[in-house]
Amino acid sequence: MARRRDIGTDDPRVRVRPGRGSRPRTKRRPDYSKAPRAMVTAVDRGRYDLRYGQRDLRAVKAREIPHGGVVVGDRVALRGDLSGRKDTLARIVAVDPRSSVLRRSVEDGEFSGTERIMVANATQLLIVTALADPPPRTGMIDRCLVAAYDAQMRPALVLTKADLADGRELVSHYEPLDIAVLTTRVDDRGEITGLEPLRELLADERTVLVGHSGVGKSTLVNALVPTAQRRIGHVNEVTGRGRHTSTSAVAFALPGGGWIIDTPGVRSFGLAHVDTDSLLQGFPELAGAATACPRGCNHDDAYCTLDQWAHTHGEREVQRLESFRRLYHGITGAS
């Protein structure tokens, strides 16, 4: 005889819904290994632009993928309508492992200190710096170099607006790091010159552009990809800073092969997510000299040999050491 479930009363008028059966959970997960793959080219308010072969698609993500789990550059598995017709949506069901991740830490506002992924699976970081209007800031360049090495990406530097200022001093400052340093200028006809070496650098690579607002990132993208039609901003004459014209990262296919990813202009490039060892890798000449430091040296002590090394080599090395220590203090909070 089946036992009657105790419901806490003998009143026959009380009716109790039957209990739900317990269905054992399965550890099996859907297999998306053979699902079609696409690259994420833009993210906009819950919608994702994708490049699927030679076709452009729009998609949404599956609920099991967390918020922020899909970024530009990701390779994703798809289900649903892959026709690319107007008003159709595919569905992103999985994100493949990433070969690289470019991160930056937010330094201002209520989200200060939080880490954000900007782009995934890029191979190069192209740091765009104007030689004038706005003036170059080596601190920003050094931060981006650290971020590139931390993300295991190859860094390069392009100096724009060489028609407004001489860039030889900045070139001599960074060429010893064995990174590509290119310059572009606007000629008398209003056309950008110096693009051919840049095209060779970008060919068949996935390159992220970063830099302050107003340095010319969108201008370069429009010159390299005529169909991009990125909005171009102007520099404020009072503050010397540019206006944000890009609001999110967008990837564009280069006519000669490869991808270029334009990112919003930033006021700063936070490195709170980078540890001190990775920070030193962003200064390769210091990393080599630091091997002579005593064991346990944090490269900011009185017995650190980097001071003697820098002053022996010259003004450039002294400036690089000062830049390293400014970033070190910013990361560790040391005074």
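Modeller: This is a predicted model. Its protein chain has eight helices and 15 strands.

Biologist: How much of the protein chain is buried?

Modeller: Of its 335 residues, 44% are buried, the cut-off being under 20% relative accessible area. The accessible surface of the chain comes to about 19800 Å², and carbon and sulfur atoms hold 46% of that area.

Biologist: What share of the contacts joins residues 24 or more positions apart?

Modeller: Among contacts with a separation of 6 or more, that share is 62%.

Biologist: Which residues of helix 3 are buried, and how do you know that they line one face of the helix?

Modeller: In helix 3, residues 195-202, the buried ones are Leu195, Leu198 and Leu202. Viewed along the helix axis, the buried residues lie within an arc of 60°, so they line one face.

Biologist: What covers the buried residues of helix 3?

Modeller: The cover includes strand 8 (124-130), strand 10 (180-183), strand 12 (192-193) and strand 13 (206-210). Helix 4 (217-224) and strand 15 (259-262) are also among the covering elements.

Biologist: Why are helix 3 and helix 4 called roughly perpendicular?

Modeller: They pack at an angle of about 85°, with their axes 12 Å apart. Angles of 65 to 115 degrees count as roughly perpendicular, and helix 3 and helix 4 therefore get that label.

Biologist: Which residues make the contact?

Modeller: Helix 3 contributes Leu195, Leu198, Arg199 and Leu202, while helix 4 contributes Leu220, Ala223 and Leu224. By class, that contact has six nonpolar residues, no polar ones and one charged residue. Ala and Leu count as nonpolar and Arg as charged.

Biologist: Where is proline 255 found, and what makes it count as exposed?

Modeller: Proline 255 is in the loop between strand 14 (250-253) and strand 15. Exposed means over 50% relative accessible area; proline 255 has 67% relative accessibility and therefore counts as exposed.

Biologist: Which residues is proline 255 in contact with, leaving aside neighbours within four places in sequence?

Modeller: Those residues are Leu224 and Val225. Leu224 also belongs to the helix 4 side of the contact with helix 3.

Biologist: What separates the C-alpha atoms of proline 255 and alanine 203?

Modeller: The separation is 9.1 Å, for two residues that are 52 residues apart along the chain.

How values were computed:
Residues are numbered from 1 along each chain as its sequence is written. This is a predicted model: local features need pLDDT of at least 70, side-chain atom pairs count only at pLDDT 80 or more; totals for chains, interfaces and linings use all residues. Side-chain values use heavy atoms; hydrogens and water are left out. Helices (H or I, at least four residues) and strands (E, at least two) are DSSP runs, numbered from the N terminus. Buried means under 20% relative accessible area, exposed over 50%, partly exposed in between (1.4 Å probe, protein chains only). Contact means heavy atoms within 4.5 Å. Accessible areas come from the Shrake-Rupley method with a 1.4 Å probe; for residues, only the protein chains shown count as cover. The arc is that of the directions from the helix axis to the C-beta atoms. Axes are lines fitted to C-alpha atoms, for helices over the stretch in contact, and angles run from 0 to 180 degrees between N-to-C directions. Angles under 35 degrees count as roughly parallel, over 145 as roughly antiparallel, 65 to 115 as roughly perpendicular and the rest as oblique.
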